[in-house]
Amino acid sequence: MNSYQNKNKKISINNVSKSYDGTKILDNISMDVYEGEFVSILGPSGCGKSTIFNLICNLTGTDSGDINVNGKISYMYQKDLLLPYKTIIDNVALPLILNKKSKKEAKEIVNPYFKVFGLSGYENKYPNELSGGMKQRANFLRTYINSDDIMLLDEPFGALDSITKLSMQRWLLEVKGRVNSTIILITHDIDEAIMLSNRIYVISQKPASVKKEFIVNKTDNNDKKMEQVIKLKNEILSLL
Ligand SMILES: Nc1ncnc2c1ncn2[C@@H]1O[C@H](COP(=O)(O)OP(=O)(O)OP(=O)(O)O)[C@@H](O)[C@H]1O
């Protein structure tokens, strides 16, 4: 158990199974996520990870089992999905404008977050003027503006080169230290899951079931940290 598991449960997935066209995708999955926690779902490509998010968002229904969500969800995809003809600030303000705020008011609300999310100076640029990493920061900020309560991140750094990816992972860790959002990350990158998460659910090949749940102990002692990471990585690798 980690310290978050004493807090409110934000999402609980109970014995959920799901098939598409007669093929079982998810087999009796159970997971819980607590307030302020960063949880990763780690599994091989195509095993059904995005299907779990689609079920959480009610974009599709379960065949059996149930899902309880306690809060407002936002969902960030791997692709940035920024509108090319709108400036970054207009893109980020979009969820508020869709929620009936005036354009002026929406911009005033989002403006201070540009500094917090390392996007100062990019407010009036267009998406094609930004690097892949900066676009994903803007995408993350727009997701956060949509809801800072529960954020679902579906391989947000999957399309980035490895150096940008590492700097974005560090950036996300730092941002997470400043916000109290509950975050669930889908990834097939073991290092990413260990670096960012408080807890990791390792899931199997299709039909996906939970193979094991790991708590990632955070320590400031670098030697101990390295030792723990190697041990955890080996344990996870042996399951995949
Ligand atoms: N709406 C749908 N109709 C039919 N089959 C689907 C549908 N959505 C997903 N699937 C199938 O379910 C399986 C799991 O897909 P899903 O996208 O959930 O996996 P994933 O683990 O997120 O994949 P990846 O790591 O490649 O993003 C795939 O075989 C996919 O073809």
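Which residue in β8 does L42 stand opposite?

Analyst: That's V202: L42 stands opposite this residue in β8. Before going on, bear in mind that this is a predicted model, with local features needing pLDDT of at least 70, side-chain atom pairs counting only at pLDDT 80 or more, and totals for chains, interfaces and linings using all residues. Residues are numbered from 1 along each chain as its sequence is written.

Strand β3 (residues 38–42) and strand β8 (residues 199–203) run parallel, with four bridges joining them. Strands here are DSSP runs of E, at least two residues long, while helices are runs of H or I with at least four, all numbered from the N terminus. Two strands pair if DSSP finds at least two bridges between them.

Zooming out, six strands make an open sheet with mixed pairing, in the order β5-β6-β7-β3-β8-β9. At the edges stand β5 (73–76) and β9 (210–215), each with a single partner strand, so one side of each has no neighbour in the sheet. On average, neighbouring strands are turned by 15° against each other, direction ignored.

Then there's helix α1, which packs on this sheet and touches β3, β5, β6 (150–154), β7 (182–187) and β8. Contact means C-beta atoms, placed from the backbone, within 7 Å. The direction of α1 makes about 150° with that of β6; axes are lines fitted to C-alpha atoms, for helices over the stretch in contact, and angles run from 0 to 180 degrees between N-to-C directions.

Helix α1 (residues 49–56) also gives the most to the shell around the ligand, with three residues.

Key: Two residues are in contact if their C-beta atoms, placed from the backbone, lie within 7 Å.
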